[in-house]
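Subject: Structure handover

Hello,

Here is the structure for your files. My notes on what was found in it follow directly below.

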Amino acid sequence: DGLELRLYQGFWLPEYWVAGTVVFQRRFSPRRDDVILASYPKCGTTWLKALAFATMTRDAYPEPAQHPLLRLNPHDCIPFLDEIFADGQEAKLENLPSPRLMNTHLPYTLLPESVTGADVAGCKVAYICRDPKDMVVSLWHFLQRRQPGLSFVELFEHVCDGDVLVGPTWDHVLSYWHASLARPDRVLFLRYEDLLQDTSKHVRRLAQFMGRPFSAAEVSAGAVEGIVELCSFEKMKGLEVNKKGSSGAYPRDAFFRKGVAGDWVNHMTQDMAARLDEIVREKFRGTGLEAL
Ligand code: A3P
């Protein structure tokens, strides 16, 4: 089913990504103005892609009503590096105009040296994570689209044990957290819950980080709000393009489920929640990162 996992450099990767990851690590050649959108799966990748894409292309589409995101799924606007390299499609990257936007689910420690090395020009990386309790709920609903009957409790146990897609989850989050502290100009750390709370604020942060800050004139003309609205859950979920067809192995509508924080209360017991919270709190202790 393509979901066989292999432990590779400390993380559980889908078997078919491993060879591609090696090629990515060896051969990826970043441009200075590239932005890699990184995420733990089911933590807001689609949303971040939409927001970053709308922000970077805003000059070409001053009227949000004309924006390609109304016709194209965010995953069709921004290539997913893990699959590009797994499928030997790297030539596609060379043809992308600058500034390139790309995305990955790999942890920071598995990104190429050409991106993370101390003495390289590198590129920028914006990361999004989310409360692992909501992540596991989202992941379960998502995986069920291809594996009906998948046990929630079994998946939860895998998350707690760390042997889940690109897990251990906390090591993934920490890899980007540490990088964002060490190189704030190169690595931006975002949380899904923060974005939900004040999307405009974080879109402005993202724009600034990507080197395309909103001017005061743009802000007062409502450019940020226009992007927030265009990329909102309700708007994106309601678009015809996101209701049909598929992106990779999953139907497009699987990427737009509920779009809220705290849905875990409908799926796990308080004991399960407390157990996962405790694992994460323990792993984050002393890192400065508050439990998600
Ligand atoms: P839920 O399953 O909790 O609803 P990813 O894009 O990383 O696969 O993450 C998917 C999660 O993000 C899903 O969460 C999905 O509903 C939510 N999501 C997708 N688009 C969104 C948007 N525009 N705004 C807020 N949440 C969004």
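Glu94 is found in helix H5, residues 91-94; helices here are DSSP runs of H or I with at least four residues, strands are runs of E with at least two, and both are numbered from the N terminus. Glu94 is exposed, with a relative accessible area of 52%. For that term, buried means under 20% relative accessible area, exposed over 50%, and partly exposed in between, with a 1.4 Å probe and protein chains only. Between Glu94 and Ser151 there are 57 residues in sequence separation and 41 Å in space, C-alpha to C-alpha.

This is a predicted model, in which local features need pLDDT of at least 70, side-chain atom pairs count only at pLDDT 80 or more, and totals for chains, interfaces and linings use all residues. Residues are numbered from 1 along each chain as its sequence is written, and side-chain values use heavy atoms, with hydrogens and water left out.

Backbone

Most residues other than glycine have a negative phi, and most peptide bonds are trans. The exceptions listed here are two bonds and two residues. The peptide bond from Ser98 to Pro99 is cis, with omega near -5 degrees. Pro99 sits in the loop between H5 and strand S4 (101-104). Gly167 and Pro168 are also joined by a cis peptide bond, with omega about 0 degrees, and Pro168 belongs to the loop between helix H8 (152-161) and helix H9 (169-182).

Val166 lies in the loop between H8 and H9 as well. Its phi is positive, about 50 degrees, although Val166 is not a glycine. At 0% relative accessibility, Val166 counts as buried. Lys42 is a residue other than glycine with a positive phi, near 70 degrees. Lys42 is placed in the loop between strand S3 (35-39) and H2, and is buried at a relative accessible area of 14%.

Ligand site

- Cys43: a polar backbone atom is 3.1 Å from an oxygen atom of the ligand.
- Arg130: a polar side-chain atom lies 2.8 Å from an oxygen atom of the ligand.
- Lys258: a backbone N or O atom is 2.6 Å from an oxygen atom of the ligand.

Taken alone the ligand exposes 560 Å², and the protein buries 98% of that; accessible areas come from the Shrake-Rupley method with a 1.4 Å probe, and for residues only the protein chains shown count as cover.

The side chain of Lys258 makes a polar contact with the side chain of Asp263, at 2.8 Å. A polar contact is a pair of N or O atoms within 3.5 Å; within protein, one must be able to donate a hydrogen and the other to accept it, and residues adjacent in sequence count only if both atoms are side-chain atoms. Asp263 is found in the loop between strand S8 (250-251) and helix H15 (270-284). Asp263 is buried, with a relative accessible area of 4%.

Val137 is placed in helix H7 (residues 132-144) and is buried, with a relative accessible area of 1%.

Cavity

The largest cavity has a volume of about 30 Å³. A cavity is a set of points, on a 1 Å grid over the protein atoms alone, where a 1.4 Å probe fits but cannot get out, and lining residues have an atom within 4 Å of a point. Grid points are joined across faces, edges and corners, and a volume is the space filled by probe spheres set on the points. The lining is Trp17, Gly20, Thr21, Phe24, Leu81, Asp82, Phe85 and Leu106. Four of these residues, the largest share, come from H1.

Regards

Methods
1 Å grid on protein atoms, 1.4 Å probe; cavity = no way out; pocket = protein on both sides within 12 Å on 5 of 7 lines; lining within 4 Å.
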